[in-house]
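I opened my notebook to look up how the parts of one protein chain meet. Here is what I was looking at.

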Amino acid sequence: CPSNRESQNLTLVSEFYLMGFSEDLELQPFLFGLFLSMYLVSVLGNLLIILAVSSDSHLHTPMYFFLSNLSLADMGLISTTVPNLIVSIQIHSRVISYVGCLTQMSLFLSFGCMDAMLLTVMAYDRFVAICHPLNYHVIMNPRLCVTLLLVSFFFSFVETQLHLLVALQMTNFKDAEIANFFCDPFQILNLSCYGTFTKSIVQYLVSIVYGMFPISGILFSYYKIMSSILNMPSSGGRSKAFSTCGSHLSVVFLFWGTGIGVYIGSLLSDSSRNSAVSSFMYSVVTPMLNPFIYSLRNRDIKSALRMFYDRII
């Protein structure tokens with residue numbers, strides 16, 4: 001980091017430089033088509049989930065209420081990073097403005113945290129449905145569902161404001177080049193000349209509150225679910241209970257698996273290219289696959305999609 005005499009004020013910096021996936025000009029058209037198609041598939045898939053849930057009265061239940069909001073958060077998450085990546089490939093420029101970088105960071109945090117919170121809430125919903133089936137509609141009433149959604153939004157807002165407050169306090173920086181294809185919050189924090197202790201406090205606080213707590217909630221819910229399923233007398237009941245959790249478990253493993261992979265990869269490897277690929281899996285591939293996981297493994301969603309298609313035709 002520069003000395004005080006040589007320091008530059010971050011608020012005076014007009015732009016940052018994002019890392020591209022390849023400098024080969026011949027690959028740019030292929031990357032442009034790949035990322036554009038993935039973005040369109042993701043947005044269309046999540047939009048169809050929202051339309052299917054809203055158009056079918058049989059799906060106006062807590063589980064599908066949270067699923068439609070998860071699809072909305074996924075659309076926001078992928079729309080935060082990919083459009084800017086596509087434009088940068090098209091115009092052959094990796095530059096992003098200072099304001100644009102902070103805006104992208106804030107939106108990414110908001111939607112990413114919303115994803116984590118909603119997956120935790122959905123695990124609780126499955127816990128109530130399987131462990132307390134007779135009281136499910138009493139416990140998961142519309143008022144509680146809206147409250148859980150608002151709590152998820154509140155935690156997302158708090159995390160965003162925490163990172164934004166820290167970013168705005170940066171006065172010195174090491175470099176203006178971000179080793180990722182978007183304004184990764186941890187990358188921006190590492191660029192700052194904050195002391196190691198301050199950086200560690202921020203990272204550990206965020207990891208505990210927005211990592212350990214949601215994961216602990218999901219693990220506890222599924223511990224109770226597994227205990228309840230194993231105590232069921234009939235194999236048919238166990239199979240039905242497992243099937244109701246299959247889609248959610250797949251999304252949880254995909255979301256947290258890639259997220260933890262990004263974190264571990266950043267600790268074990270200094271390769272910025274590998275970090276960018278891992279982040280791409282976490283922030284782009286996961287939101288794109290979620291609609292397929294829920295639609296392919298869920299008869300209600302497939303039926304609602306067919307009904308929606310018939311109405312249009």
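**Entry 1: ground rules.** I am working with a predicted model, where local features need pLDDT of at least 70, side-chain atom pairs count only at pLDDT 80 or more, and totals for chains, interfaces and linings use all residues. Residues are numbered from 1 along each chain as its sequence is written, and side-chain values use heavy atoms, with hydrogens and water left out.

**Entry 2: two helices.** I looked up helix α2 (residues 62–91) and helix α5 (residues 142–168), which pack at an angle of about 25° with their axes 10 Å apart. Helices are DSSP runs of H or I with at least four residues, strands are runs of E with at least two, and both are numbered from the N terminus. The axes are lines fitted to C-alpha atoms, for helices over the stretch in contact, and angles run from 0 to 180 degrees between N-to-C directions. The angle makes α2 roughly parallel to α5 (roughly parallel means under 35 degrees). I also noted that their crossing is right-handed, meaning that the near helix is turned clockwise from the far one by less than a right angle.

**Entry 3: who touches whom.** From α2, Pro62, Phe65, Phe66 and Asn69 meet Cys145, Val146, Leu148 and Leu149 of α5 (contact means heavy atoms within 4.5 Å). I sorted this contact by class and got seven nonpolar residues, one polar and no charged; Phe, Leu, Val, Cys and Pro are among the nonpolar kinds, while Asp, Glu, Lys and Arg count as charged.

**Entry 4: a look at Leu144.** Leu144 is found in α5, and its C-alpha atom is separated by 9.4 Å from that of Pro62, 82 residues away along the chain. Leu144 is partly exposed, at 25% relative accessible area (buried is under 20%, exposed over 50%, partly exposed in between, with a 1.4 Å probe and protein chains only).

**Entry 5: salt bridges.** How many salt bridges does the structure hold? I found two, counting a side-chain nitrogen of Lys or Arg within 4 Å of a carboxyl oxygen of Asp or Glu. In one, the side chains of Arg94 and Glu177 meet at 3.6 Å, N to O. Arg94 lies in the loop between α2 and β2 (95–97) and Glu177 in strand β3 (residues 177–178), so this pair ties together parts 83 residues apart in sequence. Arg94 is partly exposed at 31%, and Glu177 is partly exposed at 38%.

In the other, Asp125 pairs with Arg126 at 2.9 Å, N to O. Are these two buried or exposed? Asp125 is buried at 1%, and Arg126 is buried at 8%.

Technical notes:
Angles under 35 degrees count as roughly parallel, over 145 as roughly antiparallel, 65 to 115 as roughly perpendicular and the rest as oblique.
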